[in-house]
Amino acid sequence: MARTLPDGWEVLEAAGAAPFEIATLRRLAAELPDDYSVFHGVHWTRLDHGYSVFGEIDFIVLGPQGQVILIEQKSGSLEETPEGLVKRYKDKLKNVAGQIQRSIDSLQFRFKQRHAGQRLALDYLLYCPDYRVQSPATAGIAPERIVDARQSDRLASIVAAMIEAQPPAPGVTSAAVHAFLSDELVLAFDP
């Protein structure tokens, strides 16, 4: 069973989209190996031309050698447009590929800031458990990075295969990535 962070999610009352994500978290935790960690609901912020840009990553799976898979889950239906896959939120549409790319860029940027320019061994997946992407070639996301309703029962095995195929980043340890994703501070006593 993979370690999940933060813990305590098993006893929380979930509302909105959270029950769907909790079900995915439960499956990833149960089906991934013991030496994997699954971070869920990871929020990020950064400044962009003086403005605060923020977002949330549904899941980040950390492999045993520091490899990272970012998973964006989109429950319910999506719309396939000439600009790629989009998700409708009340009165606005959000481009899924754009959301994923912002999260990747922000995660890499923050890691490089804290670790002397090093980069994460990072890949991504779009997970749509109850939607079948009709035209993967025009989704705006690499078709092999889409796990839709046809493969939803294989999510954990697909993630594990991606991590096994991904070489670790030179000089980056799993412990360093774990500390970064946990937002741990390294403090030293200063007399």
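Which residues of α4 are buried? Keep that in mind while you read; point 5 has the reply.

1. Ground rules first. This is a predicted model, where local features need pLDDT of at least 70 and side-chain atom pairs count only at pLDDT 80 or more, while totals for chains, interfaces and linings use all residues. Residues are numbered from 1 along each chain as its sequence is written, and side-chain values use heavy atoms, with hydrogens and water left out.

2. The overall layout. You'll find four helices and nine strands in the chain; helices (H or I, at least four residues) and strands (E, at least two) are DSSP runs, numbered from the N terminus. Going along the sequence, the pattern reads β-α-β-β-β-β-β-β-α-β-β-α-α. The chain has 191 residues, and 43% of them count as buried (buried is under 20% relative accessible area, exposed is over 50%, partly exposed is in between, with a 1.4 Å probe and protein chains only). Take the contacts (heavy atoms within 4.5 Å) with a separation of 6 or more: 60% of them come from residues 24 or more positions apart.

3. Strand β4. Have a look at residues 67–73: seven of the seven residues of β4 are buried, so this strand is largely enclosed by the rest of the structure. In a regular strand the side chains alternate between the two faces of the sheet. Here Gln67, Ile69, Ile71 and Gln73 point one way, Val68, Leu70 and Glu72 point the other way, and all are buried.

4. The partner strand. β4 and β8 (residues 121–127) run parallel and are joined by seven bridges; strands pair if DSSP finds at least two bridges between them. One example to find on screen: Val68 has Leu122 as its bridge partner in β8. Leu125 is also in β8, and at 0% relative accessibility it counts as buried. Beyond four places in sequence, Leu125 touches several residues, including Ile69, Leu70, Ile71 and Glu72 of the chain, as well as Ile146 and Met162. Leu125 and Met162 are 37 residues apart along the chain, with 9.7 Å between their C-alpha atoms.

5. Back to helix α4. Its buried residues are Val177, His178, Phe180 and Leu181. They cover an arc of only 165° around the axis, which puts them on the same side of α4 (the arc is that of the directions from the helix axis to the C-beta atoms).

6. The aromatic pair. There is one in the structure. The ring centres of Phe111 and Phe180 are 5.1 Å apart and the planes are at 85°, so the pair is edge-to-face. For the cut-offs, rings of Phe, Tyr and Trp (its six-membered ring) pair if their centres lie within 6.5 Å; planes under 30 degrees apart count as stacked, over 60 as edge-to-face and the rest as tilted. The pair links distant parts of the chain, with Phe111 in α2 (residues 96–114) and Phe180 in α4 (residues 174–182), 69 residues apart. Both of these Phe residues are buried.

7. The cores. A nonpolar core is a set of buried Ala, Val, Leu, Ile, Met, Phe, Trp, Tyr and Cys residues joined through side-chain atoms within 4.5 Å. The largest one has 32 residues, and Leu70, Leu107 and Val177 are among those with the most contacts inside it. Six residues, the largest share of this core, come from α2. A second, separate core of 20 residues includes Leu32, Ile71, Tyr127 and Val159.

8. Two loop residues to check. Most residues other than glycine have a negative phi, and most peptide bonds are trans. Lys90 has a positive phi, near 45°, and belongs to the loop between β6 (84–89) and β7 (92–95). At 83% relative accessibility, Lys90 counts as exposed. Ala116 also has a positive phi near 45°; you'll find Ala116 in the loop between α2 and β8, and at 80% relative accessibility it counts as exposed.

9. One last spot. Arg3 lies in strand β1 (residues 3–5) and, at 48% relative accessibility, counts as partly exposed. Leaving aside neighbours within four places in sequence, Arg3 is in contact with Tyr36, Ser37, Val38 and His178.
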